[in-house]
Amino acid sequence: MTEAAAEYPAALADPARQGVGKFWTQTALDNGIVLDGERAVARFQRDVDTGRIRFDADMLDRLLETEFTGAGPNDERAFPQCPVVLPPPPNSPPKPPGARSYGSWPP
């Protein structure tokens, strides 16, 4: 526990461990903008679009990749797998056309 507590502040401050929302919120705060309403968010968006707000585009790309692939900064995970569908037992009657699989068949 002590070891984890010692590593916590560094992990919390690591931008690679943050999500896209926190990235943009921290970018706004770093530029003196508090996103406390629609006008502030619109101003921030406008400033980003016009290039007045500087941000780390490489970090944003990494965060977006992480969000869409589901892998964390130090995770080694397999790609998402399709759900497994088992064949029906050998002696079960066929399911009627259009029937949904919400429960067991036959009822």
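Some ground rules come first. The model is predicted, so local features need pLDDT of at least 70, side-chain atom pairs count only at pLDDT 80 or more, and totals for chains, interfaces and linings use all residues. Residues are numbered from 1 along each chain as its sequence is written, and side-chain values use heavy atoms, with hydrogens and water left out.

Start with confidence. pLDDT is the predictor's confidence in each residue, from 0 to 100. The protein chain averages 81, and 81% of its residues score at least 70. Among the elements, helix α1 (residues 2–13) has the lowest mean pLDDT, 81. Helix α3 (residues 38–50) has the highest, 94. Where pLDDT is low, the predicted coordinates should not be read in detail.

Now the fold. The protein chain has 4 helices and 0 strands. Its pattern along the sequence is α-α-α-α. Helices (H or I, at least four residues) and strands (E, at least two) are DSSP runs, numbered from the N terminus. Of the 107 residues, 13% count as buried. Buried means under 20% relative accessible area, exposed over 50%, and partly exposed in between (1.4 Å probe, protein chains only). The chain exposes about 9,200 Å², and carbon and sulfur atoms supply 56% of that area. Accessible areas come from the Shrake-Rupley method with a 1.4 Å probe; for residues, only the protein chains shown count as cover. Contacts (heavy atoms within 4.5 Å) tell another part of the story. Among those with a separation of 6 or more, 44% join residues 24 or more positions apart.

Turn to α3. At 1.5 Å a residue, its 13 residues should span 18 Å. The expected span is 1.5 Å times one less than the number of residues. The end C-alpha atoms of α3 are 18 Å apart, which agrees. Ala40, Phe44, Asp47 and Val48 are the buried residues here. They cover an arc of only 100° around the axis, which puts them on the same side of α3. That arc is taken over the directions from the helix axis to the C-beta atoms. Why can residues three or four places apart point the same way? An α-helix has 3.6 residues a turn, so such residues do point the same way. On the other side of α3, Glu38, Arg39 and Asp49 are exposed. The cover over the buried residues of α3 includes α2. Just after α3, Gly51 takes a positive phi of about 85°.

Next, the aromatic rings. A pair of aromatic rings is described by the distance of the centres and the angle of the planes. Rings of Phe, Tyr and Trp (its six-membered ring) pair if their centres lie within 6.5 Å; planes under 30 degrees apart count as stacked, over 60 as edge-to-face and the rest as tilted. The whole structure holds 4 aromatic pairs. One of them joins Phe23 and Trp24, edge-to-face, at 5.1 Å centre to centre and 75° between the planes. Phe23 is buried at 7% relative accessibility. Trp24 is partly exposed, at 23%. Trp24 also pairs edge-to-face with Phe44, at 6.0 Å centre to centre and 70° between the planes. Trp24 lies in helix α2 and Phe44 in helix α3, so this pair ties together parts that are 20 residues apart in sequence. Phe44 is buried, with a relative accessible area of 6%. Phe23, Trp24, Phe44 and Phe55 form one aromatic cluster.

Phe44 has other neighbours. Thr27, in helix α2 (residues 20–30), is buried at 8% relative accessible area. Leaving aside residues up to four places away in sequence, Thr27 touches Phe44, Ile53, Arg54 and Phe55. Ile33 sits in the loop between α2 and α3. At 2% relative accessibility, Ile33 counts as buried. Ile33 and Phe44 are 11 residues apart in sequence and 7.1 Å apart in space, C-alpha to C-alpha. Contacts of Ile33, again not counting residues up to four places away in sequence, are Ala28, Ala40, Arg43, Phe44, Asp47 and Ile53.

Finish in the loop between α1 and α2, where Gln18 lies. Is Gln18 buried or exposed? Gln18 is buried, with a relative accessible area of 16%. Not counting residues up to four places away in sequence, Gln18 touches Leu12, Ala13, Phe23 and Leu63.
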